[in-house]
Amino acid sequence: MPGTLFVDAGSFVDGNSSVRNDALSLHRPIGFNMLQRLKPAALVPGSTELAGGPTQFLAEARNSNLPYVATNWATKREDLVIPGVLEKTVETEKGLLTIAFLGVIDPSLQNNIHFL
């Protein structure tokens, strides 16, 4: 539908495996593939996306070319940086409209996942 933007607040993909101990779900690629086909404007990582840690998650997200955003994402590692804000411009009946997307991950995730 023209002018429609898809956004998601996290935990869209599967996290840990329900059949393999200490492994990520085999269904994760399907979730990332579905997100890619939805052509999202902005996504926020949730606990299931981060189940394997930020390095694993960002490799999957970048491989799928997905626009993740998290305003409170803090890291000193350049390879783990994601945008704090994303802007998208859409055409409306009144002209172009620019929308800024901010995402906030659950602060407890930063305490449980090593971002440094």
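**Close-up views of charged residues and the nonpolar core**

A search of the whole structure finds 2 salt bridges (a side-chain nitrogen of Lys or Arg within 4 Å of a carboxyl oxygen of Asp or Glu). The model is predicted: local features need pLDDT of at least 70 and side-chain atom pairs count only at pLDDT 80 or more, while totals for chains, interfaces and linings use all residues. Residues are numbered from 1 along each chain as its sequence is written, and side-chain values use heavy atoms, with hydrogens and water left out.

**View A. Salt bridge between R28 and E60**. The closest N and O atoms of R28 and E60 are 2.5 Å apart. R28 lies in helix α1 and E60 in helix α2, 32 residues apart (helices are DSSP runs of H or I, at least four residues; strands are runs of E, at least two; both are numbered from the N terminus). R28 and E60 are buried (under 20% relative accessible area; exposed is over 50%, partly exposed in between; 1.4 Å probe, protein chains only).

**View B. Salt bridge between R77 and D79**. The N to O distance is 2.7 Å. R77 is partly exposed, at 31% relative accessible area, and D79 is partly exposed at 38%.

**View C. E49 in the loop between β2 and α2**. E49 is buried and has no salt bridge. The side chain of E49 reaches the backbone nitrogen of F12 at 2.9 Å.

**View D. The largest nonpolar core**. Of its 23 residues, F57, Y68 and W73 touch the most other members (buried Ala, Val, Leu, Ile, Met, Phe, Trp, Tyr and Cys joined through side-chain atoms within 4.5 Å). Helix α2 gives the most to this core, with 3 residues.

Key:
Lys and Arg count as positive and Asp and Glu as negative; His and the chain ends are not counted. A polar contact is a pair of N or O atoms within 3.5 Å; within protein, one must be able to donate a hydrogen and the other to accept it, and residues adjacent in sequence count only if both atoms are side-chain atoms.
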